Amino acid sequence: MRTSTRTRRRAVVVAAVVALGAGLLGGCAEDSDEGTGGSGGGKENAQGKTTLEIGTFGVFGYKQAGLYDEYMKLNPDIVIKEDVTERNDTYYPELLTHLAANSGLQDIQAVEVGNINEIVTTQADKFEDLSKAPGVDKANWLDWKWAQGSTKDGRTVALGTDIGPMGLCYRKDLFKKAGLPTDREAVGKLWAGDWQKYVDAGKQYKAKGPKGTTFTDSAAGLFAAVNNGYAERFYDAGGELIYKDSPAVKTAWDLAMQAAEGGLTAKLKQFDKAWDQAYANGTFATVSCPPWMLGYIKEKAGTAGEDQWDVAAAPKPANWGGSFIGVPKAGKNKAEAIKLAAWLTAPEQQAKLFDKQASFPSTPPAYEMDVVSGAKNPYFGDAPTGQLFAEAAKGIPTLVIGPKDQQIGTAFGDVGILQVEQQGKSPAEGWKAALKEIDNAVDG
Amino acid sequence: MRPYTDQSGPAASPSSGDAVPDRPTAAVAAVERPVAAGDRRRKWRSRRYRWDTKYSPYAFVAPFFVFFAAFGVFPLLYTGWSSLHRVSLSAPNDMEWVGLHNYTRLLEDEFFWNALRNTFTIGVLSTVPQLLMALGIAHLLNYRLRASAFFRVAILTPYATSVAAATLVFVLLFGRDYGMINWALEGVGLGKVDWQSGTLSSQVAVSTIVIWRWTGYNALIYLAAMQAVPNDLYESAALDGATRWQQFLHVTIPSLRPTILFTVVVSTIGATQLFGEPLLFGGAGGQKGGASHQFQTLGLYLYEQGWFNFHLGRASAIAWAMFLILLIVAGVHLLIARRLRKSQ
């Protein structure tokens with residue numbers, strides 16, 4: 001009897017060790033499988049179909065606009081799967097580590113405009129060159145968008161998807177009470193060509209506008225909007241840091257300070273909860289808005305804001321946001337992935353995406369298509385958004401983006417300006433704090 | 001591996017598996033088989049048995065240590081290794097040796113000292129009221145109460161809430177323009193407070209979230225300890241004419257000393273690693289911990305350096321600095337505990 005207990009016990013130990021060991025190994029195996037084989041594509045299912053996986057962040061809208069279904073119908077051998085990470089701050093570091101490890105990559109990976117420079121300058125050799133891929137025609141894209149996704153020696157790391165040509169959204173009811181024009185043509189003329197005129201309009205609003213409301217949401221938003229209209233803001237074309245005395249930053253800082261100290265802003269931080277609540281309560285009159293922002297405003301301002309919001313041209317054409325998609329070399333179905341990437345970014349598909357999801361095309365041929373040129377937004381008083389944004393898109397300069405662009409922008413917006421706006425510090429103190437912040441971020 | 005030849009059938013060696021293998025046995029097997037072979041077998045078996053008692057406990061505890069090595073020790077050492085390098089998240093495999101540069105840089109880094117200061121003040125602001133309240137609540141729950149199980153469960157529910165959910169609700173409560181707390185303050189004639197912008201106000205707000213989540217947990221630990229205090233002590237104290245309060249002070253608290261020390265240690269570790277609450281309280285771009293980093297903790301600063309500024313080497317150095325700080329704190333606790341024991 002004893003023997004059998006002991007044997008049983010030993011058997012249990014062996015079984016436990018084996019099971020745990022197998023579990024560990026299994027865990028690793030599963031992981032590497034997911035890394036190089038599974039998610040990397042190349043999985044052929046029973047029907048011999050090829051699965052392509054796309055890694056995106058936020059809402060790219062391909063699925064919602066039915067583009068995957070359409071492609072799968074056109075190519076019955078392809079199955080498309082989307083892997084969505086909600087926030088780019090989570091998505092991008094993950095993408096970087098996956099690129100470094102050469103595993104865990106999807107067949108197609110999205111890159112946000114704020115990160116595209118870093119990808120192009122440091123990770124270009126990990127991506128396929130898409131410049132000469134079948135179905136890709138450089139002439140289709142806006143020059144600056146194409147340039148942002150390409151290396152200096154002409155390799156195209158990622159193809160442009162959408163862009164964010166900026167308009168200015170404003171509330172007609174509040175403008176009327178403040179004695180400002182409400183017609184979008186007249187409003188556009190009010191500040192055409194110069195952001196100073198916009199701030200001046202704000203001063204008028206401050207004097208006459210309804211109590212408890214402000215002209216705009218945040219000084220940082222204004223700072224970013226002004227900056228985005230220049231070719232060089234934080235970096236010059238040679239890649240040198242020029243944020244300390246570039247005309248873009250100087251102008252934008254000065255205007256932001258006028259707005260912050262003059263009480264023109266609601267002292268909000270964009271994309272905070274309180275910002276959303278302010279939309280719902282209709283307490284600020286203007287916000288700079290790329291096409292993707294229209295949906296955001298509609299969602300947050302809700303039915304209460306219906307017919308109150310409208311969109312006019314911004315003082316200067318500028319870009320805010322937009323993305324790219326690239327094909328990592330570590331993927332298994334590179335040929336099929338390149339085909340899909342080219343198809344998704346072709347003018348026809350970009351136009352469809354705009355129609356369904358309001359992501360604005362980076363390909364001018366799409367602007368001539370009816371779905372874009374004839375587009376009107378009912379929530380914004382039937383504003384001809386297609387024409388308005390297409391006009392802005394054509395005037396956007398080729399913005400030089402550097403590797404630490406995001407960190408520098410945040411240092412100005414979330415630290416320097418916010419200290420003046422919310423904590424009552426002087427502009428000199430705010431400037432000093434922002435520079436210190438940037439030093440800490442760019443210092444290797 | 002040697003096959004278990006002698007166990008081809010358990011029935012073949014019914015009596016040989018003894019608890020004390022050295023004791024000579026009148027083996028049934030010996031009758032059927034040559035004596036020499038039986039001896040060898042017995043020796044082998046006894047040796048295996050010794051190995052079994054000697055080594056199988058290690059096999060039982062091994063899984064934990066395997067996991068701990070893979071997910072605890074290795075990351076710890078690797079973090080230490082990368083803290084001696086310049087590493088960027090954009091190229092984590094390109095490590096450039098810089099020696100102790102990341103550490104010496106931290107000494108002059110005012111953002112680091114600010115984060116350390118904040119971690120300390122938020123730690124004090126959250127831990128002290130938390131433990132005092134927990135003690136009080138545990139004392140109340142220790143009385144005979146109707147539906148005591150209900151209260152005990154209720155007190156633990158905040159602990160079971162996710163940090164994210166709780167913090168998001170508190171962000172709304174502490175909102176400057178539309179927050180309920182400011183609405184109440186205005187209602188009683190006190191002005192609005194911009195909770196997030198002020199240094200003290202933001203730290204109080206973050207501490208509130210921590211207190212809300214952890215008080216119940218600590219109260220339950222205290223309660224368990226209180227129920228182990230012998231009743232005789234209270235009875236004799238009552239006979240001596242001690243009031244309830246005096247009983248609490250002179251019987252309950254001294255009996256709870258080791259438990260209190262334990263909760264202090266655990267809360268201190270938790271406070272040093274504070275991360276989720278301030279991150280989510282900061283809203284968009286929460287890793288900065290406010291415009292002036294007024295509620296940026298060490299955990300947040302580590303995250304900002306590593307995953308926002310992409311300086312992995314520096315982030316690793318911060319992680320190790322936190323580790324060293326915890327070791328120092330643990331040392332201090334140990335000294336205090338020893339002193340307490342002596343004074344008893």
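Predicted model: local features only at pLDDT ≥ 70, side-chain atom pairs only at ≥ 80, totals over all residues.
User: How far apart are the centres of domain 1 of chain A and domain 2 of chain A?
Analyst: The domain assignment gives domain 1 of chain A as 50-164 + 322-372 and domain 2 as 165-320 + 384-442. Taken over C-alpha atoms, the distance between the two centres is 28 Å.

User: Which element gives the largest share of the side of domain 1 of chain A that touches domain 2 of chain A?
Analyst: In this contact, 18 residues of domain 1 of chain A meet 22 residues of domain 2 of chain A. On the domain 1 side, two or more residues each come from helix H4 (113-122), helix H5 (143-148) and strand S4 (158-165) of chain A. The largest share, 5 residues, belongs to H4(A).

User: How many residues on that side of domain 1 of chain A are charged?
Analyst: The side of domain 1 of chain A that touches domain 2 of chain A has 9 nonpolar and 7 polar residues. The number of charged residues there is 2.

User: What is the orientation of H6(B) and H8(B) to each other?
Analyst: Helix H6 (residues 163-173) and helix H8 (residues 199-227) of chain B pack with their axes 10 Å apart, at an angle of about 135 degrees. Angles over 145 degrees would count as roughly antiparallel, and 65 to 115 as roughly perpendicular. The two helices, H6(B) and H8(B), are therefore oblique.

User: Which residues of H8(B) make the contact with H6(B)?
Analyst: H6(B) passes H8(B) in a right-handed crossing. From H6(B), the contact uses Ala166(B), Thr167(B) and Phe170(B). From H8(B), it uses Thr208(B), Ile209(B), Trp212(B) and Arg213(B).

Conventions: Residues numbered from 1 in each chain as written. Chains lettered and ligands numbered in written order. Domains from an automatic or database assignment. Contact = placed C-beta atoms within 7 Å. Helix = DSSP H or I, 4+ residues; strand = E, 2+ residues; numbered from the N terminus. Nonpolar A, V, L, I, M, F, W, Y, C, P; charged D, E, K, R; others polar. Axes fitted to C-alpha atoms, helices over the stretch in contact; angles between N-to-C directions. Parallel < 35°, antiparallel > 145°, perpendicular 65-115°, else oblique. Left-handed = near helix turned anticlockwise from the far one by under 90°.
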